Amino acid sequence: MVLNERLRETGIPPDEYQIDLTAKFPAFTPAATIDPDDYSDQEIDAMCRAWDYFMPLLSQRQGFRRVEQLFHETGFPGKAWSKARAEGRAK
């Protein structure tokens, strides 16, 4: 079951994060803890910086659309994905 289907069909949030639906916009908080042996300090720093950058964008009006554009259209992740899809390396 896809995570958002689980929430929609059962009302149970995914184990990976908690969703606060009491605010004007949903707030997502990671529920998993990081085992220090799984990641280097640089990887943990990169993940934290990405989280801190993207989550406020999602909380703003039109935030989801801005992140969607970054990942699927105008940003480097979107351009890389489009190239991979054109080459048959992504669905």
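1. Confidence along the chain. Confidence is lowest in helix H1 (residues 3-10), with a mean of 71, and highest in helix H2 (residues 41-59), with a mean of 83. The score in question is pLDDT, the predictor's confidence in each residue on a scale from 0 to 100. Over the chain, mean pLDDT is 77, and 96% of the residues reach 70 or more. Helices (H or I, at least four residues) and strands (E, at least two) are DSSP runs, numbered from the N terminus.

2. Basis of the note. This is a predicted model, in which local features need pLDDT of at least 70 and side-chain atom pairs count only at pLDDT 80 or more, while totals for chains, interfaces and linings use all residues. Residues are numbered from 1 along each chain as its sequence is written, and side-chain values use heavy atoms, with hydrogens and water left out.

3. Salt bridges in total. A search of the whole structure finds 2 salt bridges. The criterion is a side-chain nitrogen of Lys or Arg within 4 Å of a carboxyl oxygen of Asp or Glu.

4. The pair in helix H2. Asp 45 forms a salt bridge with Arg 49, and the closest N and O atoms are 3.7 Å apart. Both residues belong to helix H2, where they are separated by 4 residues, about one turn of the helix. Asp 45 is partly exposed, at a relative accessible area of 41%, whereas Arg 49 is exposed, at 58%. On this scale, buried means under 20% relative accessible area, exposed over 50%, and partly exposed in between (1.4 Å probe, protein chains only).

5. The pair Glu 87 and Arg 89. Glu 87 forms a salt bridge with Arg 89, with a separation of 2.7 Å between the closest N and O atoms. Glu 87 is partly exposed, with a relative accessible area of 45%; Arg 89 is exposed, with 56%.

6. Trp 51. This residue lies in helix H2 and counts as partly exposed, at 35% relative accessibility. Apart from neighbours within four places in sequence, Trp 51 is in contact (heavy atoms within 4.5 Å) with Phe 28, Thr 29, Pro 30 and Pro 56. Trp 51 and Leu 70, 19 residues apart in sequence, are 15 Å apart in space, C-alpha to C-alpha.

7. Thr 33. The loop between strand S2 (27-30) and H2 holds Thr 33. Thr 33 is exposed, with a relative accessible area of 74%. From C-alpha to C-alpha, Thr 33 and Glu 16 are 9.4 Å apart in space, and 17 residues apart in sequence.
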